[in-house]
Amino acid sequence: MTDTSTRVPLKIPVNGSKMVTSLTQLVYSFNTTKLLGASKSMSSLNKTIDHTLYPHRYLVLGNEDFTFINGKLKCFKPGTSKVQEQGSNVTCVCSSGYAGKHCSVPSIVKTALSKLSRSYIITPREKPRRLILVMTFNMEHHVLMLKMLQVHSAVDLFVILESNYTGHGDPRPLRLLHNLRRGYMKRFHHKIMHVHLDTFPAGGRLNGWIAETYIRQHLAPAVEARVSGLRKDDLFVFMDTDETPFVNLLHFLKLHNGYPFPVGFVLHSFMYGFFWSMTKHPKTVVGVCSIQMLRDIYKGSSDAIRGSKAVLRKLQKGNHPWGMFETWLIGSPDSYAGWHASWFSSPREVITKLTSAINADFPRWGDYPEKCTFDYVATLFRKGEYFDGKRHFDPICLTDIYVLKDHPYLFKHKEYFNFMLQNPTAI
């Protein structure tokens, strides 16, 4: 405990009278695949049990992702429509949306590579990287569920930081931890690492950027302290809960060598739900690097990855001990690389977010009482307007949103996601 932060005692009741600490006591291992201190229901923290993180999903590529002919890696199964053999020659015929000798390069990646300042030779890996996806959590349960359903097959570990302080410095409940203990997203508990932050920085209430930096900087140290067996070429991916790239792009990053770091994505932004499109304001987020780059270049600061311009300006493009450096963006406004779900909540939850936001990025709308009423926020939902009354968003039909084309569960479970699909305030 430092003298620059304050702590609120946290007690979590389990089974009536028992009291346990938060899930920060859990230790994950990529070597032994054991989780120390948690039961399958995440309700007991007193014993060591077997815990499978699935870190080697592609351990034998020939059995899962690539065809092997005469012991040599040939065609990427998801991207190949047909394998043609003529004597010793083997040709992979690529499916729509894939390219390359092995049909393992998504077309959007091929386009992004062509825009870089130099040519890069992309080759499949025989031992895939592991991918750790880190994020902070406020109250975005539905968006988090949608994110995990989309990308879980490519993610080896979800690291989710939750604080019992709001960004503004006020006490708040640990909503996610509480719901995890009740069974929320139980199917993914084996690959969720909850990080509890119970301190708030001095000066954070006056300067919100201090608070945001303080929160984000705890992610990378938590990974280093609690995840064993990391390899230097594993991937550290920092995306906010509401930012989600396509899962096939994450698979590509895991399964290939030769591309530069850091990697970012251009995302299609939506406001309040998948019914208002922020066509003029696509979200560009840089948040992917290797573990070695995280350690050597970003000095273990996960916050520096998101605001990396000052750090990266000091580097020269080219080869480095940890890989090749050149900021690489995948996607464009003409071909998005995923989605950004901005303010996807009920009007009441939006009000809670406004009043709990960091004291920065002015104007801080939570300081305006007239903008923190249900009727006012519901009007924004209905008209597709931003809080400043100046920005207006474009209505969009669900069938025109190609970033949702691989989300069958979104429409299958409308009772859960309906508020994202249909404007709840529409008349």
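This is a predicted model: local features need pLDDT of at least 70, side-chain atom pairs count only at pLDDT 80 or more; totals for chains, interfaces and linings use all residues.

Modeller: Residues are numbered from 1 along each chain as its sequence is written, and side-chain values use heavy atoms, with hydrogens and water left out.

Biologist: How many helices and strands does the protein have?

Modeller: The protein has 14 helices and 28 strands. Helices (H or I, at least four residues) and strands (E, at least two) are DSSP runs, numbered from the N terminus.

Biologist: What makes Ser302 a contact of Arg216?

Modeller: Contact means heavy atoms within 4.5 Å. Leaving aside neighbours within four places in sequence, Arg216 is in contact with Ser302, and also with Phe238, Asp240, Asp303 and Arg306. The C-alpha atoms of Arg216 and Ser302 are 6.3 Å apart, although 86 residues separate the two in sequence.

Biologist: Why is helix H11 described as roughly perpendicular to helix H12?

Modeller: The axes of H11 (residues 347-356) and H12 (residues 374-383) come within 9 Å and cross at roughly 110°. Axes are lines fitted to C-alpha atoms, for helices over the stretch in contact, and angles run from 0 to 180 degrees between N-to-C directions. Angles under 35 degrees count as roughly parallel, over 145 as roughly antiparallel, 65 to 115 as roughly perpendicular and the rest as oblique. H11 is therefore roughly perpendicular to H12. Pro347, Arg348, Val350 and Ile351 in H11 meet Phe374, Val377, Ala378 and Phe381 in H12.

Biologist: How do you know that strands E9 and E10 pair?

Modeller: Two strands pair if DSSP finds at least two bridges between them. E9 (residues 80-86) and E10 (residues 89-94) are joined by six bridges and run antiparallel. Glu85 has Val90 in E10 as its bridge partner.

Biologist: What makes a group of residues a nonpolar core?

Modeller: A nonpolar core is a set of buried Ala, Val, Leu, Ile, Met, Phe, Trp, Tyr and Cys residues joined through side-chain atoms within 4.5 Å. The largest has 89 residues, of which Phe236, Phe265, Phe274, Trp328 and Ile330 touch the most other members. Helix H3 (residues 141-151) supplies the largest share of this core, seven residues. Apart from it lies another core of 17 residues, including Phe275, Met278, Leu354 and Val377.

Biologist: What is noted about the backbone at Cys103 and Tyr272?

Modeller: Most residues other than glycine have a negative phi, and most peptide bonds are trans. Cys103 is not a glycine, yet has a positive phi of about 55°; for Tyr272, phi is near 70°. Cys103 counts as buried because its relative accessibility is 0%, and Tyr272 likewise counts as buried at 0%.

Biologist: Which peptide bond next to Pro262 is cis?

Modeller: The bond joining Phe261 and Pro262 is cis, with omega about -5°. Pro262 lies in strand E22 (residues 261-271).

Note on methods
Buried means under 20% relative accessible area, exposed over 50%, partly exposed in between (1.4 Å probe, protein chains only).
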